Amino acid sequence: MLETHPNDVNDVDQEKLVECIAACLACAQTCTACADACLAEEMVAELATCIRTNLDCADICATTGAVLTRQVGTSTAVVESILEACAAACKACADECGQHAQMHDHCLLCAEACRRCERACQELLTSLRQGSVR
């Protein structure tokens, strides 16, 4: 889709942008599924923080994916801020799910998706900052 957009966005590494959007959307889905799976566990009360972290991360990742998809009137400051927030949410979620990964496969998969998304956000952020003239 981005290739068909009439805006020329040469300042952005298109490969990193596409990878980040895909990682954000995949992470949002994985975090939502993990939260749902946590709710089905017998020890649901002990997973309350994990569920909350999953849902926060899912919302932030979905929003980041949507913001990155829009190419008209992009604010570099907003994009950088949302990438920082997404990376932080993914790190927090990966750390939390990592604590339950040995007991719950869904938490292991979620932690992996969060780490991939965190990396993709950091790589795009670095690319944007290297390309920016300050």
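A residue is called buried under 20% relative accessible area, exposed over 50%, and partly exposed in between, with a 1.4 Å probe and protein chains only. At 37% relative accessibility, R129 therefore counts as partly exposed.

This is a predicted model, in which local features need pLDDT of at least 70 and side-chain atom pairs count only at pLDDT 80 or more, while totals for chains, interfaces and linings use all residues. Residues are numbered from 1 along each chain as its sequence is written, and side-chain values use heavy atoms, with hydrogens and water left out.

**Overall fold**

The protein has four helices and zero strands, in the order α-α-α-α along the sequence. Helices (H or I, at least four residues) and strands (E, at least two) are DSSP runs, numbered from the N terminus. Of the 134 residues, 41% are buried. A contact means heavy atoms within 4.5 Å; among contacts between residues at least 6 apart in sequence, 75% join residues at least 24 apart.

**Salt bridges**

Side chains of opposite charge can pair when their charged atoms come close. A salt bridge here is a side-chain nitrogen of Lys or Arg within 4 Å of a carboxyl oxygen of Asp or Glu. The whole structure contains five salt bridges, including those in the table.

| Pair | N to O distance |
|---|---|
| R52 and D56 | 2.8 Å |
| R115 and D95 | 3.3 Å |
| R129 and E84 | 2.2 Å |

R129 lies in helix α4 and E84 in helix α3, so this pair ties together parts that are 45 residues apart in sequence. E84 is partly exposed, at 39%. E80, E84 and R129 are linked in a network of salt bridges.

The salt bridge between R115 and D95 also ties helix α4 to helix α3, with the two residues 20 apart in sequence. R115 is partly exposed at 33%, and D95 is partly exposed at 31%.

R52 and D56 are both in helix α2 (residues 48–69), and being four residues apart they are separated by about one helical turn. R52 is exposed at 55%, whereas D56 is partly exposed at 31%.

H104 sits in the loop between α3 (76–98) and α4 (105–131) and is buried, at 6% relative accessibility. Its side chain makes a polar contact with the side chain of E41 at 3.2 Å. A polar contact is a pair of N or O atoms within 3.5 Å; within protein, one must be able to donate a hydrogen and the other to accept it, and residues adjacent in sequence count only if both atoms are side-chain atoms. Leaving aside neighbours within four places in sequence, H104 is in contact with E41, M43 and L47.

Q29, in helix α1 (residues 14–40), is exposed at 52% relative accessibility. The C-alpha atoms of Q29 and A58 are separated by 6.8 Å, with the residues 29 apart along the chain.
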